[in-house]
Amino acid sequence: YNQSRAIDRAQREAQGLPANPAYNQSRAIDRAQRKAQGLPANPTYNQSRAVDRAQREALGLPANPAYNQSRAVDRAQREAMGLPANPAYNQSRAIDRAQREALGLPANPAYNQSRAIDRAQREALGLPANPAYNQSKAVDRAQREAEGLPANP
């Protein structure tokens, strides 16, 4: 019986047919029935993946390393072509910015808040509130004086 099955299998494979059509058909029927009931098409596989994910997370490893690796390759390819590394994120940020501006809100509130904190900390320490701006003004003033122009026209 086993030899006969092995010969059948080899003949089907040689003809490019599935090695075990009855098993494949049975699996396809199971899959279709589960989908029709709104159940996962392959629950054993899904459960196995969930266990793998939980084990990786428990070890401090990425939950889905193949996906992460794929994203890293995509990012590197986009950067190599001079494209943004993460266009969906950039587009989302641009939409957020435009919506905030349309509402009369600051385009980048987190950045503005951070700058306000920096400014307050510098002032509390008796430092200039905006040293880069002050330095730029000093350079402009020196250039004007060197050219014989008024320091502050």
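Helix 4 (residues 65-80) has 16 residues, and its first and last C-alpha atoms sit 22 Å apart, close to the 22 Å expected at 1.5 Å a residue. Here the expected span is 1.5 Å times one less than the number of residues in the helix, and helices (H or I, at least four residues) and strands (E, at least two) are DSSP runs numbered from the N terminus. This is a predicted model, where local features need pLDDT of at least 70, side-chain atom pairs count only at pLDDT 80 or more, and totals for chains, interfaces and linings use all residues. Residues are numbered from 1 along each chain as its sequence is written, and side-chain values use heavy atoms, with hydrogens and water left out.

**Helix lengths and what follows them**

- Just after helix 2, Gly38 takes a positive phi of about 75°.
- For helix 6, 16 residues at 1.5 Å each should give a span of 22 Å, and the end C-alpha atoms agree at 22 Å apart.
- Gly126 follows helix 6 and has a positive phi as well, near 80°.

**Overall layout**

- Along its principal axes, the C-alpha trace spans about 105 × 35 × 35 Å.
- Buried residues make up 5% of the 153 residues; buried means under 20% relative accessible area, exposed over 50%, and partly exposed in between, using a 1.4 Å probe and protein chains only.
- Take the contacts (heavy atoms within 4.5 Å) between residues at least 6 apart in sequence, and 0% of them join residues at least 24 apart.

**Salt bridges**

- A search of the whole structure turns up 5 salt bridges, each being a side-chain nitrogen of Lys or Arg within 4 Å of a carboxyl oxygen of Asp or Glu.
- In helix 3 (residues 43-58), Glu57 and Arg53 lie 4 residues apart, about one turn of the helix. Their side chains meet in a salt bridge at 3.9 Å, N to O.
- Glu57 counts as partly exposed at 47% relative accessibility, and Arg53 counts as partly exposed at 38%.
- Helix 4 holds Arg75 and Glu79, 4 residues apart and so separated by about one helical turn. This pair forms a salt bridge too, with an N to O distance of 3.9 Å.
- Arg75 is partly exposed, with a relative accessible area of 38%, and Glu79 is partly exposed at 48%.
- Helix 6 (residues 109-124) contains Glu123 and Arg119, again 4 residues apart, about one turn of the helix. A salt bridge joins their side chains at 3.9 Å, N to O.
- Glu123 is partly exposed at 47% relative accessibility, and Arg119 is partly exposed with a relative accessible area of 38%.

**Asn108, in a loop**

- You'll find Asn108 in the loop between helix 5 (87-102) and helix 6.
- With 22% relative accessibility, Asn108 counts as partly exposed.
- Leaving aside neighbours within four places in sequence, Asn108 is in contact with Arg93, Arg97 and Arg100.
- The Asn108 side chain reaches the backbone nitrogen of Tyr111 at 3.2 Å.
- Asn108 and Lys35 are 73 residues apart along the chain, and their C-alpha atoms are separated by 45 Å.

**Confidence**

- The protein averages a pLDDT of 86, and 100% of the residues score at least 70; pLDDT is the predictor's confidence in each residue, from 0 to 100.
- Confidence is lowest in helix 7 (residues 131-146), at a mean of 83, and highest in helix 1 (residues 2-14), at 88.

Terms used:
A polar contact is a pair of N or O atoms within 3.5 Å; within protein, one must be able to donate a hydrogen and the other to accept it, and residues adjacent in sequence count only if both atoms are side-chain atoms.
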